[in-house]
Amino acid sequence: MSNQNLLKLTNDYIFKRTFGYTGDEEITRIFLRDILKTDITEITLDNATITEKELIDDKVGIMDIKAVLNGIIQCDIEMQVVNQDDIEKRIIFYWGKMYTQSIKKGDGYGTLPKTISVLIADFELDNLKNIKKYMTKWNIREEEYKSVILTDALEIYIIELPKFVKYAKGNKSDNLNLWVNFIRNPEVIVMTNENDNRSIKETKIAINEAQEKLKKLSEDEHERALADLREKYIRDQYSIEKYGYKKGKEEGKEEGKEEKAIQIAKKMLEAGADIEFVINCTGLSKEVIENIIKDNKRQ
């Protein structure tokens with residue numbers, strides 16, 4: 001390993017490259033087993049590749065990891081680094097979309113598979129601030145008879161990383177604690193020992209395998225550039241929305257759209273993106289891009 005630090009697993013691109021590609025099945029199987037606390041004997045990952053254009057695309061979900069568990073259960077894993085508006089509603093919306101798209105024409109409702117969404121958030125959700133644990137599990141329950149679940153077809157798990165230090169309980173070698181600690185600090189060293197039970201040993205081995213893959217990604221300059229491009233884009237999007245460009249976009253203001261595109265182009269150029277690639281992604285003219293480059297050189 002070079003002197004470079006490991007890339008962040010809270011970067012949704014790097015998270016998907018570590019957990020969501022063919023060859024990662026065993027890592028992801030153990031990870032999900034420890035979140036869902038259920039046996040997973042089989043896992044199939046949707047191995048859709050990511051294009052560079054998608055790294056600066058504001059379509060939600062392109063960095064999700066989609067998996068089929070035990071041949072039938074649908075599962076979606078999402079890493080989020082910024083607190084978007086109405087994220088709770090968005091979780092339900094995309095869970096519903098995944099659930100309803102699974103039924104084929106002519107099939108009855110009984111064929112709809114169990115569908116699970118896992119959100120890993122690098123922030124605390126406003127509606128969950130009074131819940132004193134870092135992972136919550138959600139079902140549809142009866143108001144008075146809270147132990148009665150309407151259907152097990154829906155499960156949503158939310159992991160709030162900032163709460164880990166405050167609310168992680170039990171043995172430090174708890175399976176999920178090990179995973180969350182690794183995601184927060186991927187340079188952590190996890191050692192197996194003779195006292196580990198089978199489950200803990202499997203978790204530690206899977207974490208070490210994930211860390212080895214992350215090391216390889218971190219040593220690849222192209223992967224580092226893509227990760228940096230994605231992170232800058234997400235932060236830029238957040239800043240643009242925060243300072244009012246979101247409203248301008250929603251109202252169709254061309255001036256707001258162009259300013260947003262210029263800000264994105266600046267970030268892409270700073271990250272070393274090719275001029276033609278920037279033009280294709282932002283829709284800006286070559287003349288505008290060249291003026292941005294000139295302005296950057298003056299600064």
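In which sense do β4 and strand β6 (residues 154-160) pair, and over how many bridges? They pair in the parallel sense, over seven bridges. Two strands count as paired if DSSP finds at least two bridges between them.

## The model

This is a predicted model: local features need pLDDT of at least 70, side-chain atom pairs count only at pLDDT 80 or more, and totals for chains, interfaces and linings use all residues. Residues are numbered from 1 along each chain as its sequence is written, and side-chain values use heavy atoms, without hydrogens and water.

The protein has eleven helices and six strands. These are DSSP runs, numbered from the N terminus: helices are H or I with at least four residues, strands are E with at least two. Of its 299 residues, 45% are buried. Buried means under 20% relative accessible area, exposed over 50%, partly exposed in between (1.4 Å probe, protein chains only).

## Strand β4

Strand β4 covers residues 115-121, and seven of its seven residues are buried. In a regular strand the side chains alternate between the two faces of the sheet. Here, Thr115, Ser117, Leu119 and Ala121 lie on one side. Ile116, Val118 and Ile120 lie on the other.

## Its partners

Strand β3 (residues 73-80) runs parallel to β4, joined by seven bridges. Cys75 has Ile116 of β4 as its bridge partner. From β3, the chain crosses through helix α3 (residues 87-100) to β4. This β-α-β crossover is right-handed: with the strands pointing away from the viewer, the path from the first strand over the helix to the second runs clockwise. Towards β6, Thr115 has Leu154 as its bridge partner.
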